[in-house]
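Welcome! Take a moment to look over the model shown here, and then we will walk through it together.

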Number of protein chains: 2
Amino acid sequence: MSAKNRLSQLAQRTVEQPISYLMREALARPELISLAAGFVDQASLPVESTHDALEHLLSQPAQGRAALQYSTTMGDPLLREILLSRLVSADQSTACKQSIEQVIVTAGSNELLYLIGLTLFDPGDIVFCAAPTYFVYLGALQSFGVRTVGLEVDTEGVVPQALTFAMEKYLTEGLGSRIKAIYLTTYFDNPSSITTSSNRRSELVEIVKRWNQKHDMMYIIEDAAYRDLRYYGDDIPSLLAADEDGDTVIHTSSFSKSFSPGLRVGWGVLPPELVHPISSQQGNINFGSPHFSQQAMIAILQQGSFEKHVEKIRMEYRKKLQAMLQAAEMHLGDLQNVSWLPATGGLYVWMCVAGIDTGADGPLFRRALDMGVLYVPGCHCFPKEGEPIQHDMIRLSFGVQSVERIEQGMHCLAKAVHEVLDKQPQTLPAEA
Amino acid sequence: MSAKNRLSQLAQRTVEQPISYLMREALARPELISLAAGFVDQASLPVESTHDALEHLLSQPAQGRAALQYSTTMGDPLLREILLSRLVSADQSTACKQSIEQVIVTAGSNELLYLIGLTLFDPGDIVFCAAPTYFVYLGALQSFGVRTVGLEVDTEGVVPQALTFAMEKYLTEGLGSRIKAIYLTTYFDNPSSITTSSNRRSELVEIVKRWNQKHDMMYIIEDAAYRDLRYYGDDIPSLLAADEDGDTVIHTSSFSKSFSPGLRVGWGVLPPELVHPISSQQGNINFGSPHFSQQAMIAILQQGSFEKHVEKIRMEYRKKLQAMLQAAEMHLGDLQNVSWLPATGGLYVWMCVAGIDTGADGPLFRRALDMGVLYVPGCHCFPKEGEPIQHDMIRLSFGVQSVERIEQGMHCLAKAVHEVLDKQPQTLPAEA
């Protein structure tokens with residue numbers, strides 16, 4: 001019997017992340033311009049402010065020693081206090097509904113999303129997502145055996161009628177009790193770049209709360225990882241702020257995108273009922289995230305370095321975003337088949353190349369590779385059920401590459417698009 | 001329907017770690033001398049060498065930026081190379097059977113143990129363990145729905161006949177295919193302090209390999225977290241070194257005990273068949289452990305600070321161990337009912353108070369608390385099946401407290417033991 005068959009059911013359900021083959025391509029051909037990776041800008045990573053913070057931390061022996069010791073599972077109490085008060089302030093809340101007991105620190109928000117999955121989901125459970133949504137979490141949900149159901153989105157976020165329609169559909173099928181959650185990236189969604197509008201936030205929370213009055217409890221998992229990466233317009237309160245009773249929304253966030261993925265400090269706010277179950281899973285895995293990173297983050301926040309850094313990277317990313325959008329306009333603006341959303345934050349531009357299969361086996365992906373540019377085929381970003389998978393979408397990241405490389409990459413991509421489009425009508429008569 | 005019933009089956013199987021109530025006691029009464037916590041010595045935590053390493057790392061902008069960026073899921077290639085070559089050297093192997101592709105870095109070895117569980121275990125699967133064994137992993141195994149089966153140990157480790165007997169028992173019951181692994185802490189076991197002898201290592205590996213020739217694959221999970229904490233005698237090669245084909249033993253280790261739990265760098269060596277499945281789970285959870293901690297550890301290892309630190313803490317812990325053993329001898333040596341193993345490394349002394357229920361509801365635990373000392377009741381360290389749970393055992397940690405506090409704590413404990421023993425014969429006639 002092969003080892004394969006000895007794996008757990010969870011491991012057998014786990015499929016390779018689609019990004020893996022992209023990373024292999026990128027590694028094998030370092031000259032490629034990758035507009036695929038969701039990494040952050042390398043040049044602006046905050047070496048100096050981290051240096052200062054650690055200098056401060058480690059020059060105090062007692063505090064240094066504490067940072068090198070274990071912490072409590074849920075995270076350092078001071079950090080949790082700071083995080084909660086920052087959230088209350090950002091949400092312009094007059095009073096804080098939550099206690100620091102509900103705040104949890106994890107190694108990135110992805111770890112918290114995973115802990116939520118471990119705690120809530122069994123095989124056959126149903127989780128609603130935007131279509132498209134964050135494909136890494138789709139992979140984790142697939143491991144848990146969860147049925148992911150994509151909901152229609154417009155420029156304001158998930159369409160409320162799509163949510164109520166899906167709820168009713170599964171209720172009618174006798175599967176109401178299997179609906180466990182809706183997962184929403186509420187700021188600058190990955191990949192669509194859409195921010196859920198304020199009105200939409202209230203509507204979605206209300207729909208779920210109404211459901212919870214009559215049916216088995218479902219949660220809203222709010223992923224706010226990109227909140228700080230806003231380049232235009234004003235911040236708006238979180239989905240959590242719209243949850244009056246604080247029992248429905250699980251809020252997750254992170255400093256990975258806004259400060260450093262290498263320190264890997266993520267965090268969240270849990271409904272009271274879930275504090276104990278989720279922290280128990282965290283205790284089982286790793287007794288909480290590394291204390292040293294948490295202490296570094298405290299110093300960084302207390303020294304005001306975080307705000308300064310966010311200001312700085314907002315300017316950097318705005319330039320990169322502009323470069324990408326301008327290059328798209330310049331090289332692809334003439335094509336009726338090609339359209340994209342004008343992102344105002346985050347790390348992604350979501351582009352439609354109508355009628356062209358953008359997948360790894362389609363004509364565009366290979367042609368783009370030949371031209372020296374890599375993107376994420378949009379098909380990976382769609383849940384398996386619900387809204388149909390769109391095969392003509394592309395996720396473009398502007399986080400990693402320089403402005404020059406972005407322009408160059410977009411130029412290559414545009415050439416590939418033109419070539420593929422040019423070929424299409426020519427091949428038709430030849431086939432006829 | 002309450003939220004409780006909406007938890008996943010895994011979450012519903014999860015019970016509170018027994019250590020939790022101990023930690024609450026310790027927090028509520030800070031004057032208590034805790035001989036319960038498995039934390040490391042606070043005073044010797046390596047602030048200076050961490051400071052030097054990070055100074056080195058962050059004064060080089062390019063390297064500093066790299067440390068603040070994402071790494072690959074399995075861990076930094078240079079760190080993995082260093083870890084493997086250190087292991088080969090410690091094992092006195094002439095050639096390296098493993099490649100660095102098999103080396104994985106995790107946030108502590110506990111995270112790796114959890115990843116192994118996710119990858120291999122389904123509810124109803126059987127895992128053999130020493131009786132007693134590491135109770136935190138028993139908790140995780142319970143969450144996975146695993147049946148834990150305790151095997152008899154003697155001073156050389158798990159008794160080979162106990163393993164073959166257990167294998168045959170479940171085979172006869174038609175459950176051979178549910179046997180997935182045996183979990184062994186091979187150096188200074190937590191709590192028993194026993195190191196598996198060299199002969200025993202070969203025997204155990206051979207038994208499992210023989211099983212694997214005829215039956216479904218089972219793995220040996222080697223937990224070597226305490227290997228560097230040796231205070232007497234010479235190091236011996238790992239269980240992994242006895243695995244000629246390298247397909248049977250999963251080796252896990254950590255710098256948490258030997259350097260810093262706050263940085264939280266653990267690692268392991270995986271059989272080739274498990275590399276992909278385990279790294280996939282790691283990708284789902286957190287894309288690998290924090291890169292910054294990994295880079296710090298590289299600098300610490302390259303600067304030679306790690307060896308110096310281990311030398312230093314060996315001396316510190318040896319003093320503490322001596323203090324604990326001498327206090328035990330002085331205050332409890334006269335009692336026939338009381339015995340303990342002379343630990344030669346690790347962080348624990350495993351003590352028997354024959355005939356006395358040492359559990360949280362028994363007479364000794366409360367009396368000891370009243371006297372101002374906290375210990376871990378041994379009953380928590382036993383798997384649910386197999387060897388019967390021993391209710392008269394105590395786990396004593398000498399890692400956290402100073403020599404003076406250890407002497408004081410042991411004195412209090414001894415008084416409590418004497419009192420409880422004195423009362424026992426008196427209560428018998430009164431009941432008669």
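Helix axes are lines fitted to C-alpha atoms over the stretch in contact, and angles run from 0 to 180 degrees between N-to-C directions. This is a predicted model, in which local features need pLDDT of at least 70 and side-chain atom pairs count only at pLDDT 80 or more, while totals for chains, interfaces and linings use all residues. Residues are numbered from 1 along each chain as its sequence is written, and chains are lettered from A and ligands numbered from 1 in the order in which they are written.

Let us begin with two helix pairs. Helices (H or I, at least four residues) and strands (E, at least two) are DSSP runs, numbered from the N terminus.

| Helix pair | Angle and distance between axes |
|---|---|
| Helix 8 (residues 160-172) and helix 9 (residues 198-214) of chain B | about 20°, 10 Å |
| Helix 6 (residues 109-120) and helix 7 (residues 135-143) of chain A | about 30°, 10 Å |

Helix 8 and helix 9 of chain B are therefore roughly parallel to each other (angles under 35 degrees count as roughly parallel). On the helix 8 side of chain B, the contact involves B:Pro160, B:Leu163, B:Thr164 and B:Met167, and helix 9 of chain B contributes B:Glu203, B:Leu204, B:Ile207 and B:Trp211. Two residues are in contact if their C-beta atoms, placed from the backbone, lie within 7 Å. Six of these contact residues are nonpolar, one is polar and one is charged. Here Ala, Val, Leu, Ile, Met, Phe, Trp, Tyr, Cys and Pro count as nonpolar, Asp, Glu, Lys and Arg as charged, and the others, Gly among them, as polar.

In chain A, helix 6 and helix 7 are therefore roughly parallel too.

Now for chain A as a whole. Its secondary structure comes to 14 helices and 16 strands. Along its principal axes, the C-alpha trace of chain A spans about 75 × 55 × 55 Å.

How many residues of chain A are in contact with chain B? There are 60, and they meet 60 residues of chain B. Helix 10 of chain A (272-286) gives the largest share of this side, eight residues. By class, the side of chain A that touches chain B has 29 nonpolar, 23 polar and eight charged residues.

Definitions and conventions
Angles under 35 degrees count as roughly parallel, over 145 as roughly antiparallel, 65 to 115 as roughly perpendicular and the rest as oblique.
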